[in-house]
Amino acid sequence: MLNPAAAARRAIPSLDRLLQLGAVAELAARYGRTLVTEAARAELAALRAALGRRPVAPHAGFEEARFVQACAARLARETRPSLRPVFNLTGTVLHTNLGRALMPQEAAQAVARAMTRPVNLEFELDEGDRGERDRHVERWLTRLTGAEAALVVNNNAAAVYLVLNTLALKKEVPVSRGELIEIGGAFRIPDIMARAGVRMVEVGTTNRTHLKDYAGAISPRTAALMKVHTSNYAIQGFTAAVPEDRLAALAHRHKVPLISDLGSGMLVNLEDYGLPHEPTPREALAAGVDIVTFSGDKLLGGPQAGLIVGRLKWVERIRTNPMKRALRVDKMTLAALEAVLRLYADPERLKTVLPTLRFLTRPPAEIEAQARRLLPAVESALRGKAGAEVVPVKSQIGSGSLPVDLVASHAIAVAAPGRRRNALAAGIAAAFRTLPVPVIGRISDGAFIMDLRCLEHEDEFLAQLGELKLDKILDAESQRRKEEQ
Ligand SMILES: *Cc1c(COP(=O)(O)O)cnc(C)c1O
């Protein structure tokens with residue numbers, strides 16, 4: 001007589017037999033034989049391991065349907081894309097961790113074409129010989145900024161690195177102490193300068209730097225002057241910084257270029273759209289700056305890229321730095337960037353066609369109306385476990401753009417009654433993250449806040465609310481409270 005566990009182990013069919021089942025063949029048609037064989041093997045191993053651990057009922061058989069279901073679930077889990085869409089309800093329009101700018105349809109279509117067809121990436125169609133990849137966007141960039149020439153690299157950090165490494169290798173570059181910034185994700189001006197092989201010369205103080213500070217720092221070893229837009233913080237009170245035109249005049253008297261890292265660098269005047277002013281590359285170049293660097297995926301609303309615009313003489317030198325090859329962008333980035341820059345040629349339409357600008361200019365009343373429209377559905381998804389209300393909030397532009405300026409918005413705030421409100425709010429946030437399209441909000445004052453400024457695909461948002469599972473989190477909390485009493 002076999003004991004029940006041994007009998008049950010015997011009842012498990014062989015891997016080969018299982019792979020011949022009709023339902024398993026259906027899985028193989030969908031996922032391929034390799035993955036299905038791996039999944040079936042793993043499920044069999046799990047089954048055998050479980051038999052060793054738990055007591056087994058006499059005559060426990062092998063359940064084919066259950067086995068197939070477990071395989072299907074495993075395959076679905078393991079093949080789900082790692083990079084997935086989410087709802088950005090954080091209130092930060094350009095959220096670096098959520099992929100910054102969303103791109104317009106025109107850009108998505110251009111990328112799809114460049115991915116699936118051969119393209120004239122580095123090929124001159126007129127002459128039939130080798131071309132330069134940046135030419136596809138250079139004419140737009142020069143037109144939109146007034147620059148003589150333009151280059152594109154992987155991101156703005158790379159742009160700053162390449163400019164400094166080309167123009168000031170083993171030489172000195174004076175920078176104001178008020179501009180030695182750190183941008184999230186470990187971009188620090190002093191570190192990037194050191195890695196670029198440049199000797200940083202700090203001038204002035206944290207809050208005040210004058211023209212004479214720069215003048216006093218200039219020596220025969222000076223290769224350039226540099227200005228950095230303090231994009232993610234503001235110094236207020238007793239402050240002084242040198243305007244670009246005066247700094248440019250000083251640099252040119254000493255025959256060195258002035259470099260300006262603008263960070264976001266918007267191509268149009270945001271005040272025309274009712275938003276706070278953000279410095280533009282055009283203004284910087286008009287003031288006499290020789291080289292301006294800025295990001296492609298911040299306010300510009302395009303793909304990740306670093307844009308270098310300015311005087312031809314310097315841009316040509318930067319173009320021939322061997323590191324340009326290491327930092328260059330691929331055809332997908334160029335396709336997207338060209339499509340986005342093209343939209344800037346029509347500023348009247350920009351507000352509707354460029355998602356970043358569309359989000360930033362959404363009227364608060366429209367967001368509030370959306371919040372009120374969605375509130376009943378959210379409330380019913382909470383099934384009485386938590387409450388929801390519409391609250392006024394402030395959205396952020398994000399990615400270091402316009403740090404002090406917040407835009408009025410509305411949110412749905414979800415909170416559960418209890419003493420540990422922040423822990424409960426974290427639990428609610430976790431539940432929203434497990435939805436098929438995870439909803440990312442923020443926690444504030446013991447509530448989970450969903451700022452609706454960037455909510456598109458409202459139907460998809462509503463359709464999945466029914467799958468929200470708050471019970472586990474909130475039951476665990478009430479259990480914990482009972483135990484405490
Ligand atoms: C954001 C920013 C950078 C880095 O740009 P990335 O495109 O993220 O590499 C550099 N300098 C300033 C001033 C910035 O705001």
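Predicted model: local features only at pLDDT ≥ 70, side-chain atom pairs only at ≥ 80, totals over all residues.
Biologist: Which residues surround the ligand, and which are the closest?

Modeller: A residue is near a molecule if one of its heavy atoms lies within 4 Å of it. Here 13 residues surround the ligand, and the closest are Ala157, Ser231, Asp261, Ser295 and Lys298. By class, this shell has 4 nonpolar, 6 polar and 3 charged residues, where Ala, Val, Leu, Ile, Met, Phe, Trp, Tyr, Cys and Pro count as nonpolar, Asp, Glu, Lys and Arg as charged, and the others, Gly among them, as polar.

Biologist: Which polar side-chain atom lies 2.6 Å from a nitrogen atom of the ligand?

Modeller: That atom belongs to Asp261, and a polar side-chain atom of Ser295 lies 2.6 Å from an oxygen atom of the ligand, while one of Arg100 lies 2.9 Å from a ligand oxygen atom. For a polar contact, the pair of N or O atoms must be within 3.5 Å; within protein, one must be able to donate a hydrogen and the other to accept it, and residues adjacent in sequence count only if both atoms are side-chain atoms. The protein covers 94% of the 380 Å² of accessible area that the ligand has on its own, with areas from the Shrake-Rupley method and a 1.4 Å probe; for residues, only the protein chains shown count as cover.

Biologist: How many salt bridges does the structure hold?

Modeller: Side chains of opposite charge can pair when their charged atoms come close. The structure holds 25 salt bridges, each a side-chain nitrogen of Lys or Arg within 4 Å of a carboxyl oxygen of Asp or Glu. In one of them, Glu132 pairs with Arg319, the closest N and O atoms being 4.0 Å apart. Glu132 lies in the loop between β3 (129-130) and α7 (135-145) and Arg319 in helix α13 (residues 312-319), so the pair ties together parts that are 187 residues apart in sequence. Helices (H or I, at least four residues) and strands (E, at least two) are DSSP runs, numbered from the N terminus.

Biologist: Are Lys227 and Glu179, which also meet in a salt bridge, buried or exposed?

Modeller: Buried means under 20% relative accessible area, exposed over 50%, and partly exposed in between (1.4 Å probe, protein chains only). Lys227 is buried at 11%, and Glu179 is buried at 7%, with 2.9 Å from N to O in their salt bridge.

Biologist: How many residues of strand β4 are buried?

Modeller: In a regular strand the side chains alternate between the two faces of the sheet. In β4 (residues 149-153), 5 of the 5 residues are buried, so the strand is largely enclosed by the rest of the structure. Ala149, Leu151 and Val153 point one way, and Ala150 and Val152 the other way. Strands pair if DSSP finds at least two bridges between them, and 5 bridges join β4 to the antiparallel strand β12 (residues 306-310), where Gly306 is the bridge partner of Val153.

How values were computed. Residues numbered from 1 in each chain as written. Heavy atoms only, no water.
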